[in-house]
Amino acid sequence: MIALALLLTGGAATGCGGRATTHHKPGTSHEQASGSVGTLLATADAAGHKLREVPAEGAPEVRLALRPDSEDGWNLQLSVKNFRFTPDSTGGAALPGAGHAHLELDGRKIARLYGPWFHLPVAQVPEGAHTLTVRLYADDHTAWAVSGKPVEGAAQLTAPAPGTPGGHSHGEAPSQSPQPPQSPQSPAPGQEQADRTVTITVRDGKVSPAPARTELRRGERVALRVTSDRADTLHVHGYDKELALPAGQEATLILTTDRTGLFEVETHGSSLVLTQLLVR
């Protein structure tokens, strides 16, 4: 009985081939919500997640602010109230005022957020005016809602045309970037400052080169350059960093290894391990 209890406990904390993960727990889905917090509505948000209605008093709140990054793109800050990020329990039952957030660009999801800060590379934002939206979700992936509307925050962002001269100006709105956007095939600005570059291709469900360990020293910057033949999402475990992978286009995530350990880099949709980051 003790061995069975240990087995069941271990199974509840793993996913993606038995590794510790923040993915859905076995048996859960967006349609099969769990937990008794609030009222589960029949309606869903634009992404198909059911709404979990809670009273306005004490309900989760979120605001989104942008500021240009000195090297590349924008730094996004989520200011939350009556809410806490719980990456360790994602996929479990809904808990009061807990969960994660989704980041959308013009209604298209580009990342799942497990904390108040996120770096948005300029290469992921086409030229022109856009709307960024963050929406709060419970651990069971239902969307927190008040009065039948999802709890979310939005901000406007304008990406300049390629070739626009850079440089900050004091009169520039915080949502604007001084960096010219790059095509998805081009290295993202600031990539030349990376200490290591790992280039990976995913085609027909196979990873090339074969997954291996990339050894790094703490504090080094690593650029993960990934091209996938199908749309997917890159996820760096431990750092809770995600990057949208457009089909057939190279995408780059630059990560500062500020913690030691062994961290897997994989895809969400196809659940493929791309590499392991060994940080000493």
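Where is His141 found?

1. His141 lies in the loop between β11 and β12 (143–146); strands such as these are DSSP runs (E, at least two residues), numbered from the N terminus. Although His141 is not a glycine, its phi is positive, about 75 degrees. His141 is buried, with a relative accessible area of 2%. Buried means under 20% relative accessible area, exposed over 50%, and partly exposed in between (1.4 Å probe, protein chains only).

2. On the basis of the note: this is a predicted model, in which local features need pLDDT of at least 70 and side-chain atom pairs count only at pLDDT 80 or more, while totals for chains, interfaces and linings use all residues. Residues are numbered from 1 along each chain as its sequence is written, and side-chain values use heavy atoms, with hydrogens and water left out.

3. Asp204 also has a positive phi, about 55 degrees, and is not a glycine. Asp204 belongs to the loop between β15 and β16 and is exposed, with a relative accessible area of 66%. In the loop between β16 and β17 sits Pro209. The peptide bond from Ser208 to Pro209 is cis, with omega near -5 degrees.

4. Four strands make an open sheet of mixed pairing, in the order β16-β15-β18-β21; two strands pair if DSSP finds at least two bridges between them. β16 (206–208) and β21 (250–256) are at the edges with a single partner strand each, so one side of each has no neighbour in the sheet. Neighbouring strands of this sheet are turned by 25 degrees against each other on average, direction ignored. Axes here are lines fitted to C-alpha atoms, for helices over the stretch in contact, and angles run from 0 to 180 degrees between N-to-C directions. Within the sheet, β15 (residues 196–203) and β18 (residues 221–228) pair in the parallel sense over seven bridges, and Val198 has Leu224 of β18 as its bridge partner.

5. Strand β17 (residues 213–216) pairs with β23 (residues 273–279) in the parallel sense over four bridges, with Val279 in β23 as the bridge partner of Leu216.

6. A three-strand open sheet has the order β5-β6-β10 and antiparallel pairing. The edge strands are β5 (61–68) and β10 (117–120). β5 and β6 (residues 74–81) pair over eight bridges, and Leu66 stands opposite Leu76 in β6.

7. Leu76 is also among the residues with the most contacts inside the largest nonpolar core, together with Leu103, Leu120 and Leu132; this core has 32 residues. A nonpolar core is a set of buried Ala, Val, Leu, Ile, Met, Phe, Trp, Tyr and Cys residues joined through side-chain atoms within 4.5 Å. Apart from it lies another core of 22 residues, including Tyr239 and Phe263.

8. The charged end of Arg259 sits over the ring of Tyr239, 4.9 Å from its centre. The criterion is NZ of Lys or CZ of Arg within 6 Å of the ring centre and within 35 degrees of the ring normal.
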